[in-house]
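Visitor: I am new to this structure. Could you show it to me and take a few questions?

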Amino acid sequence: MSEPPSLHSNRPLTLRYDIPISRTREFWDSLKAGKFITTKCSGCGNVTFPPQADCPACMGDRFEWVDLGREATLVTFTSVQVAPASFEGTGPYMIAIGEFKGGVKVLARLEGTEPKKARQGMALRIEARSEKDGNPYYVFVVA
Amino acid sequence: MTRVAIIGVGHSRFGRRTDVNVGELAFESIREAVEDAGVDKNDIKNVVVGTMGSWYEESLPAVVVNEYAGLSGAGTMRVEAACASGSAALKAAYNSIMSGETEVALAVGVEKMTEVDSATSVELIGRAGSYMWEFENFGMTFPAYYALYAVSHMNRYGTTEEDLARVSVKAHRYGAMNPLAQFQKEITIEKALGSPVIAWPLKLYDACPLTDGSAAVVLASEEVAKRLTDTPIWIKGVGYSSDTANLSRRSDYVGLEAAVQAANRAYSMAKVSPGDIDVATAHDCFTIAELMAYEDLGFCRKGEGAKLVREGQTEIGGRIPVNVDGGLKAKGHPVGATGVSMAVEITKQLRGEAGKRQVPLKNGLGLMHNVGGTGHYAYVTILSRS
């Protein structure tokens, strides 16, 4: 069956965002130095990940940085076989949610295992990485 | 206090609709709904358009849709609650009547998802969470979000890949009986299990397709509804809730807390229990989502969703028929249209107009469960014949 005619627009739209990170910049700077830290509210003690400068529990704006360490356990995971357009050609890749001591959970890529071997509760370690253009990020690897 | 009724419904054919633009597509269901209601379109003072957009060319879809249908001049807005945008539109239209602001309102849901290539659609839905912490460096996809729940549910409760396939087989069986559905062909468990993995353990046949489609409902105050129709379908309860953008901030991954809260609020407002419901639509964007919906809605105990589908309790003739229109899986999932499409289906069922898919009615009560994102938004709406 042939498709009905459509007008193929000649005006493609490219969106590229400059995402502000100044209020939690220390997270990214620490990551470059290999440390994985997040925010703790100085008022109520609430620890948040992703880090945020304002506390969602008490709405206070005073906070300190705490080191989450490197060890986490595997909570759940998947393996992406069909990747989004901007990740085309990079798959398949695994993604996991890991839980740190104290209960903070983090989502990141998972390396060093495969879907049939991964088990909930297995020990993970978080590692800092950086892209070719210098943007830092982090991955879980099997400990 | 007034009550609000659905007095007219309209529904386009769902599928790859490269034959129509967004205005034309929305009009298919708007015209049908207005005719079904028997209202003068000039009496519609509020049009709420549920759509997520960005995969089609219009930035202001509500005014484009209204211009095409000759509804310019009515109060209007576009609302977004991801895949629950349709229910959000219904809620906003309902509110405008409950407040006494208007007597007749129109809720329209529309989406055109196939004007961009499918990798771009995957990209746009993959960003439906917390962009910086889930997408930018990691490349999450919509199936991947639900796969995180599937892995947890399977580990905790022994739900199997076969159970997920059973949900898909059921969806396709009813899709084959729905002339407006995107997929009108039955499938087997073997075919579902043999389909390629898209986000482990979810396979192609665990996932809803990319769909173009629209649906519309005309809502009226009690006074107008009683004047215009003998079969008003009343909106008896609406519950809505939300959850964190980041999945990592959720406490568990075996159910959608926002859906549980929305359901409890809807049951309490309607003063009914899960066991009173005759027919339901559940937001089965993925097969695992339908099993979790059974549990979140209280149709079974936590962890027993798979048992319900194994026993055929959610088929016509079972304890609580769910998605007998084919569901998102087979009927299709034009994001913003889905919630309104659910309202059309439940209205037809409660009017006794669902033909060979008609469920037996005991209490005249139907429920629609509409989730946006991965439980980011949740709307549960209860409709009633009386």
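Predicted model: local features only at pLDDT ≥ 70, side-chain atom pairs only at ≥ 80, totals over all residues.

Guide: Residues are numbered from 1 along each chain as its sequence is written, while chains are lettered from A and ligands numbered from 1 in the order in which they are written.

Visitor: Which helix of chain B gives the most to the side that touches chain A?

Guide: Contact means C-beta atoms, placed from the backbone, within 7 Å. Chain B brings 30 residues and chain A brings 31 residues. Helices (DSSP H or I, at least four residues) and strands (E, at least two) are numbered from the N terminus. On chain B, with six residues, the top contributor is helix 6.

Visitor: What is the bridge partner of Ser79(A) in strand 5 of chain B?

Guide: Strands pair if DSSP finds at least two bridges between them. Strand 4 (residues 71-80) of chain A runs antiparallel to strand 5 of chain B, joined by two bridges. Within strand 5 of chain B, Ser79(A) is bridged to Trp200(B).

Visitor: How far apart do the C-alpha centres of domain 1 and domain 2 of chain A lie?

Guide: The bounds come from an automatic or database domain assignment. In chain A, domain 1 is 19-67 and domain 2 is 70-143. Eight residues of domain 1 of chain A touch 10 residues of domain 2 of chain A. Between the C-alpha centres of these two domains, the distance is 21 Å.

Terms used:
Contact = placed C-beta atoms within 7 Å.
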